Amino acid sequence: MESSIITQAQRGDSALPSKPGQVKRSSPKKPRSRNIFSALFCCLRAQDVPPLPQAQGTLPQAEENGPVAKIPGPCLLPEVTPQDQGKMCVVIDLDETLVHSSFKPISNADFVVPVEIEGTTHQVYVLKRPHVDEFLQRMGELFECILFTASLAKYADPVTDLLDQRRVFRTRLFRESCVFHQGCYVKDLSRLGRELSKTLILDNSPASYIFHPENAVPVVSWFDDSEDSELLNLIPVFEELSQAEDVYTGLGQLRAP
């Protein structure tokens, strides 16, 4: 059987089942700091992520062992549309950031997506994170929004069709657009074709953005907590970032004590 169709850049605490019938258990609720900005960036500690590669802006071949050859890669995104001219670009993760999916039936699933694996159709049950609709609507007003997931398109594309009713995402990028580095699927922002100083990434896994941690807005992993307010709390954060001169200035101000 192929590798998991639903995956995260592995960090050790967030992975969906690798095969039908294997279920990721709900995580305990994580307390949030009184200072939301401090809480948002607590995940950027050096020990949370593997070491950076020596070179950026190149695409390593997907080899798990031995030296990794560097080859240049084309831009992943098309030209900016007229409606997004002047906006920052924000790259948004899918699994455990906006939704949680399982191969095990969930009675209150928001979506049930059929996915074919080796000739057999399996049902994937999808829960939407609280406030995701409001969050995506506001993000679409403020930014050029790009979906970037380490999952395969056969799963992530139909889920996004159902999730993104307002067509907030201008482009969708899947596993094949990631860089396979030290056992992780990494989202290399330098290959997007956008100015890095105008690009943000929202992801629950620090391993996903190890090439560009200074561009990241971390988010707590979500599985099934109906009282979660992470996305709602992030709206004013992104409203402020959208007005910054560049992402480094904006994030630096938010990180300041």
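Modeller: I shall begin with phenylalanine 238, which is buried, with a relative accessible area of 0%. Buried here means under 20% relative accessible area, exposed means over 50%, and partly exposed lies in between (1.4 Å probe, protein chains only). The model is a predicted one, in which local features need pLDDT of at least 70 and side-chain atom pairs count only at pLDDT 80 or more, whereas totals for chains, interfaces and linings use all residues. Residues are numbered from 1 along each chain as its sequence is written, and side-chain values use heavy atoms, with hydrogens and water left out.

The whole structure holds 3 aromatic pairs. Rings of Phe, Tyr and Trp (its six-membered ring) pair if their centres lie within 6.5 Å; planes under 30 degrees apart count as stacked, over 60 as edge-to-face and the rest as tilted. This pair joins distant parts of the chain, since phenylalanine 135 belongs to helix α2 and phenylalanine 238 to helix α4, 103 residues apart. Helices (H or I, at least four residues) and strands (E, at least two) are DSSP runs, numbered from the N terminus. Phenylalanine 135 is likewise buried, at a relative accessible area of 0%.

Together, Phe135, Phe143 and Phe238 make up one aromatic cluster.

Helix α2 spans residues 132–142, and its buried residues are Val132, Phe135, Leu136, Met139, Gly140 and Leu142. These cover an arc of only 165 degrees around the axis (taken from the directions from the helix axis to the C-beta atoms), which puts them on the same side of α2. Helix α4 also holds leucine 234, which is buried with a relative accessible area of 0%. Leucine 234 lies 9.2 Å from valine 217 in space, C-alpha to C-alpha, and 17 residues from valine 217 in sequence.

Beyond α4 (230–241) comes the loop to α5 (247–255), where aspartate 246 is found. Aspartate 246 is buried yet has no salt bridge, and the nearest side chain of opposite charge, that of lysine 198, is 6.2 Å away. A salt bridge requires a side-chain nitrogen of Lys or Arg within 4 Å of a carboxyl oxygen of Asp or Glu; Lys and Arg count as positive and Asp and Glu as negative, while His and the chain ends are not counted. A polar atom of the aspartate 246 side chain lies 2.9 Å from the backbone nitrogen of tyrosine 248. For the backbone nitrogen of threonine 249, the distance to a polar atom of that side chain is 2.7 Å. Leaving aside neighbours within four places in sequence, aspartate 246 is in contact (heavy atoms within 4.5 Å) with Met88, Ser197 and Lys198.

Elsewhere, charged side chains do pair. The whole structure contains 11 salt bridges. Aspartate 84 forms one with lysine 87, the closest N and O atoms being 3.6 Å apart. Aspartate 84 is buried, at 1% relative accessibility, whereas lysine 87 is partly exposed at 26%. Aspartate 84 also pairs with arginine 170, with 2.8 Å between the closest N and O atoms. Arginine 170 lies in strand β8 (residues 169–173) and aspartate 84 in the loop between β2 (70–71) and β3 (89–92), so the pair ties together parts that are 86 residues apart in sequence.

To place this part in the whole, the protein chain has 5 helices and 12 strands. Buried residues make up 49% of its 257 residues. Among the contacts in the protein chain with a separation of 6 or more, 72% are between residues 24 or more positions apart.

Terms used:
A polar contact is a pair of N or O atoms within 3.5 Å; within protein, one must be able to donate a hydrogen and the other to accept it, and residues adjacent in sequence count only if both atoms are side-chain atoms.
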